[in-house]
Structure formats: structure tokens, C-alpha cells
Amino acid sequence: MNPARQIAVAIISATVLLLCSGPVAGRFGQHDGDGDMGEELGFHPIVDPYKRELDFRVKRATPPEDTTSQKNQVICMRVSPSLPLPNSNANFTFGQATIHGWAVFYKSQHSMAFVKPKCVVPGHVLVMPLKSRKRILDMQSDELADLFLTSQRVQRGMELFHGVSSSMIAVQDGPDAGQSVQHVHVHIMPRRSKDFEENDEIYEELNNHDKGPAVQWRTKKEMMIEADELRQFF
Ligand SMILES: *[C@@H]1O[C@H](CO)[C@@H](O)[C@H](O)[C@H]1NC(C)=O
């Protein structure tokens, strides 16, 4: 990165720190290193007073179609740590299913992550928007941004938790794509070397893992233990 850009990033980062945070210490000038940052001006691991890493994505805002007032505003999005979790006896509509509060281990402004009664691989979890949205196409831009930033946060957490360095991220968007629950959800599936004989077998498994009378569902207790562990971790 050239010096002028580096300074610009530092100034904007400092502004964001002032705008969106309390007493935190920032490290400037570190990037994910892919060289293709697009609109993104900086990505800085920041450690909060509890030594947890926070994500701040710093962007030059593109005004949303429905408003002109946000032009040139700096957007800050704090993806972690989790917002307060729902009560364990809360019930959320998830298409034709119900998600119970005890299964939820991470929550953001518009999304939450929860454990599943049947997993394709260990650590297979879902992230869904809080509002009822059947398709990605039905989602507002802020919900969509939050859903995928949350998915990224959850993916990183699950990879660390399971000690792996790959994940399959999948959205079955619409019935012909295999979507069975009519509420958008992102599958986060930690992958291990040779976890399937053929790498792409996971697609078939994803399609069939929760269908038919032979499915061996996990017990509520198993799911609760996993969710409790993840809650400590996230
Ligand atoms: C959520 O649903 C369960 C039954 O599945 C019920 O026992 C519980 O009372 C419900 N919670 C609330 C807050 O209504």
C-alpha cells in the first residue's frame, strides 16, 4: 500500500474508532493482503478491554438506493462480540420450524447463529436473518450485509473452535436449489482433509442429511451442550 493510502486509512480508522468505540487500542496498516480491496479501506484487528478481537470494517459508504442523506458517511460495523442472546425458552419462527433460544450461540443486529439437530459434519451450524425472509432476493441491503458479516464471524469462530482451516458455506435459495426451510439460512460447515472420499459428496449429504424417516436426530441435551460451549467461545 502506498504511503498516502496508508495515511488515509489511518485517519479514517481513527475516526471510526472515535465514532464507534469506547476505550480500545487499534493496530493500523494491517490487511488481509489479497491486494484487491475494492471499496474497503481497511480491516484492523482491534483488541477490546476484555482482550477479545473486534472487527471493524471501514468503508466508504455507497448511498443506499432509498436514501440520499447517507452520502459519504463512514459506516462502521462491529461484528463481534455477540449482542445479548435471547432467553433460553424464547421461540423463533424459522419457516415451518421453530428455533429455541437455548440453541442460539451468537447474535448480531439482524442475524443469529444456532446449532442444528442434524449435522453434515461436526460443527455444522446455521446463520439466519432475524426477520422472516424466504429468499436472499427478499432481503434489504443492511440485513444482507449483516447476514454475511455474521456468517464470516461465525465461520472464523467455528474454524478456530474445531482447529480447521477450511469451510463450506452454502445457501440453498429456493426449492429447486434444495431449500427445505422457507427462511433464508447460511450453512457453515467446517471442513477437514479427507472428510469425504470425494470432496463434493458433501453436496449430496447436505441435500439428504435431514430428510426421511431414517434420520438420527441429535438429542436436545447434545445440542444444548454444543451451544453452551460455543457461547463461551464467541
Ligand atoms: C416456546 O415453546 C415451548 C414448546 O416448544 C414452550 O414450552 C415455551 O413455553 C415457549 N416459550 C415461550 C416464551 O412462549
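Me: In this predicted model, in which helix does Arg 153 lie?
Reply: The model is a prediction, and the helix in question spans residues 141-162. Arg 153 belongs to this segment, which is helix 2.

Me: Is Arg 153 buried or exposed?
Reply: A residue is classed as buried when 20 or more other C-beta atoms lie within 10 Å of its own. Arg 153 has 21 C-beta neighbours inside 10 Å, and therefore counts as buried.

Me: How many Å apart in space are Arg 153 and Phe 234, C-alpha to C-alpha?
Reply: Along the sequence, 81 residues separate Arg 153 from Phe 234. In space, the C-alpha to C-alpha distance for this pair is 9.1 Å.

Me: Why is strand 11 largely enclosed by the rest of the structure?
Reply: Strand 11 comprises the six residues 186-191. It is largely enclosed because the number of its residues that are buried is five of the six.

Me: Which residue in strand 11 stands opposite Leu 126?
Reply: Strand 9 (residues 125-129) runs antiparallel to strand 11, and three bridges join them. Opposite Leu 126, the residue in strand 11 is His 187.

Me: Which residue in strand 11 is the bridge partner of Ser 167?
Reply: Strand 10 (residues 166-170) pairs with strand 11 in the antiparallel sense, over five bridges. Within strand 11, Ser 167 has as its bridge partner Pro 190.

Me: How many residues does the largest nonpolar core have?
Reply: Those with the most contacts inside this core include Ala 103, Phe 105 and Ala 113. Among the elements that each supply at least two of its residues are strand 9, helix 2, strand 11 and helix 4 (220-233). The number of residues in the core is 26.

Me: With which residues is Ala 113 in contact, leaving aside its neighbours within four places in sequence?
Reply: Ala 113 is one of the residues with the most contacts inside the largest nonpolar core. Leaving aside neighbours within four places in sequence, its contacts are Phe 105, Tyr 106, Val 125, Leu 126, Val 127, Thr 150 and Val 154.

Me: Is Gln 179 buried, partly exposed or exposed?
Reply: Gln 179 lies in the loop between strand 10 and strand 11. It has 17 other C-beta atoms within 10 Å, whereas a buried residue needs 20 or more and an exposed one 12 or fewer. Gln 179 is therefore partly exposed.

Me: Over which residues does pLDDT stay under 50?
Reply: The chain averages a pLDDT of 77, and 66% of the residues score at least 70. Where pLDDT is low, the predicted coordinates should not be read in detail. The stretch in which pLDDT stays under 50 is residues 14-79.

Methods:
Residues numbered from 1 in each chain as written. Predicted model: local features only at pLDDT ≥ 70, side-chain atom pairs only at ≥ 80, totals over all residues. Helix = DSSP H or I, 4+ residues; strand = E, 2+ residues; numbered from the N terminus. Pairing = 2+ DSSP bridges. Core = buried A, V, L, I, M, F, W, Y, C linked by C-beta atoms within 7 Å. Contact = placed C-beta atoms within 7 Å. pLDDT = per-residue confidence, 0-100.
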